[in-house]
Amino acid sequence: MHELLARDLASLIHPQHDPAVHRSGRVWVRGRGAMLVDADGHEYIDGLSGLWNVVLGHGRRELADAARDQMETLAYVSGYSGSSNPRAIELAERLAGLTYPDINRFFFTSGGAEANETAIKIARSYWKRRGRPGKTKVISRELGYHGTTLATMSATGIAGYWPLFEPRVPGFIHVPALSADALEEAIVREGTDTVAMFLAEPVIGVGGVIPPPDDYFPRVREICDRHEILFAADEVITGFGRTGKWFALDHWGVTPDLVQFAKAITSGYFPFGGVGVNDAIARVLDEGPGPWMHAYTYSAHPTGCAVALRALQIIDEENLVADAARKGAYLLAALRERLGNHPHVGDVRGKGLMCAVDFVKDRDEKTPFAADKQVGARIHAQAITRGLFSRVRGDTFVLAPPFVIDDDLLDRIAEVLAGATNAVLS
């Protein structure tokens, strides 16, 4: 392991690059189901499904076979206008049957950030072609995460992503995460004729697994309709079953105008994502005038489409959306049983198979620990020594294991996290 890490540090720059953190990192060499194995042969529960994406678990031969078969037939072809492939057509048709009723047309990308970048450009071009070129602003939410391209970083409402790369792209406004009134106030303040879209995760993920109250998104939909604002649902994490529904806004009976997806669509086995748009938006894009000048080299990649089709088939045939709902409730109950009464646990929450535990200095007042105490990082380190690998945001421990995880491993997650908590906050 140490020799591999030394070579790594000499040759790689990592996402969220931090050499000090990386010196005590892991080099992963194998995976099977919900388990990962490092270069020293130690096993760990994959508590975050890679990065929320490996929902079918590691080592699925069916997905490898789908990729191999497509690569042997047609590995890549352009997806630009004038060129297509059968797998892309089949995937778009399949998605039309899975997503929200009004969404029937799809643009494919290599991942979630590209999907959100595309949604922003769709919204601006839609209003320009509707004769309202002033509608360019994007309203998103504090704590929301939408990617780290310059535009999606500007939409992301987590301030730690900004300082090294500012100035941010102008025209992005953030509102409190769970206040529909704040959204309407921002629209009125900025001017309805300047706002193109509202962008939101149905359940905030990276920002700490924060589900909304039941009346939030119905209010959002009504506000966006009344002020003629497009509503884009960032379902990069929540899509394809993570919350116990195929798409998360179905929990509240709400349909967006655009939906962005990635991660689970290929279970992380191929970089892939996309945007679905409603029929009204598709009609405007079809009618021109002229081409819609947005493009990615790997849009509608045939191998990615083939892997996505097989992954969706497995999710459907193995009833994994219902499994995610049941296992999420099971994990949440196990976490609450072991940690719910701990004097330094402020909240244990979740939606489907995504959960979070907040660690606080004072349980009743929800007083946070001083940042220099590094409580979350220390608990995470203790969890790793006990065989659980996941992530923290500050002093919030987040969990989103694969849909295929067994109940005994869910119990083990709760046991490990309780042990790690007591080791740091006895």
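Okay, charges to start with: the chain carries 45 positive and 53 negative side chains, and the centres of the two sets lie 2 Å apart. For that count, Lys and Arg are positive, Asp and Glu are negative, and His and the chain ends are not counted. The place of a charge is taken as NZ of Lys, CZ of Arg, CG of Asp or CD of Glu.

Some ground rules before we go on. This is a predicted model, where local features need pLDDT of at least 70 and side-chain atom pairs count only at pLDDT 80 or more, while totals for chains, interfaces and linings use all residues. Residues are numbered from 1 along each chain as its sequence is written, and side-chain values use heavy atoms, with hydrogens and water left out.

Now the overall fold. You're looking at 14 helices and 15 strands; these are DSSP runs numbered from the N terminus, with helices being H or I of at least four residues and strands being E of at least two. The radius of gyration is 22 Å, close to the 22 Å that the globule rule gives for 426 residues, so the chain is as compact as a globular protein of that length. That radius is taken over C-alpha atoms, and the rule is 2.2 Å times the number of residues to the power 0.38. Along the principal axes, the C-alpha atoms fill a box of roughly 65 × 55 × 45 Å.

How much of the chain counts as buried? The figure is 53% of the 426 residues. Buried means under 20% relative accessible area, exposed means over 50%, and partly exposed is in between, with a 1.4 Å probe and protein chains only. The chain exposes about 18,300 Å², and carbon and sulfur atoms supply 52% of that. Those areas come from the Shrake-Rupley method with a 1.4 Å probe. As for contacts, meaning heavy atoms within 4.5 Å, take the ones between residues at least 6 apart in sequence: 71% of them join residues at least 24 apart.

Gln 260 sits in strand β9, residues 258–261, and is buried at 0% relative accessibility. Leaving aside neighbours within four places in sequence, its contacts include Ala 115, Asn 116, Leu 199, Asp 234 and Val 275. Gln 260 and Glu 117 are 143 residues apart in sequence, yet their C-alpha atoms are 9.7 Å apart in space.

Ser 78 and Val 138 are 60 residues apart in sequence and 30 Å apart in space, C-alpha to C-alpha. Find Ser 78 in the loop between α4 (61–74) and α5, where Ser 78 is partly exposed, with a relative accessible area of 24%. Beyond four places in sequence, Ser 78 touches Ser 83 and Ser 84. A polar atom of the Ser 78 side chain also lies 3.0 Å from the backbone nitrogen of Tyr 80. A polar contact here is a pair of N or O atoms within 3.5 Å; within protein, one must be able to donate a hydrogen and the other to accept it, and residues adjacent in sequence count only if both atoms are side-chain atoms.

Is Thr 99 buried or exposed? Thr 99 counts as buried, at 10% relative accessibility. Its side chain reaches the backbone oxygen of Ile 103 at 3.4 Å, and Thr 99 touches Phe 106 and Phe 247 as well.

Most residues other than glycine have a negative phi, and most peptide bonds are trans. Here, the bond from Glu 166 to Pro 167 is cis, with omega near 10°, and Pro 167 is in the loop between α7 (150–155) and β6 (172–175). The bond from Gly 288 to Pro 289 is cis too, with omega near 10°; Pro 289 lies in the loop between α10 (279–287) and α11 (302–317).

On the phi side, Ser 49 has a positive value near 50°. Ser 49 lies in helix α3, residues 49–52, and is buried at 0%. Gln 374 also has a positive phi near 50°, but Gln 374 is partly exposed at 44%, in the loop between β12 (355–359) and α13 (375–385).

That brings us to α13 itself. Which residues of α13 are buried? They are Val 375, Gly 376, Ile 379, His 380, Ala 383 and Ile 384. The buried residues of α13 pack against several elements, among them β3 (43–46), β12 and α14 (407–424). After α13 comes Gly 387, with a positive phi near 100°.
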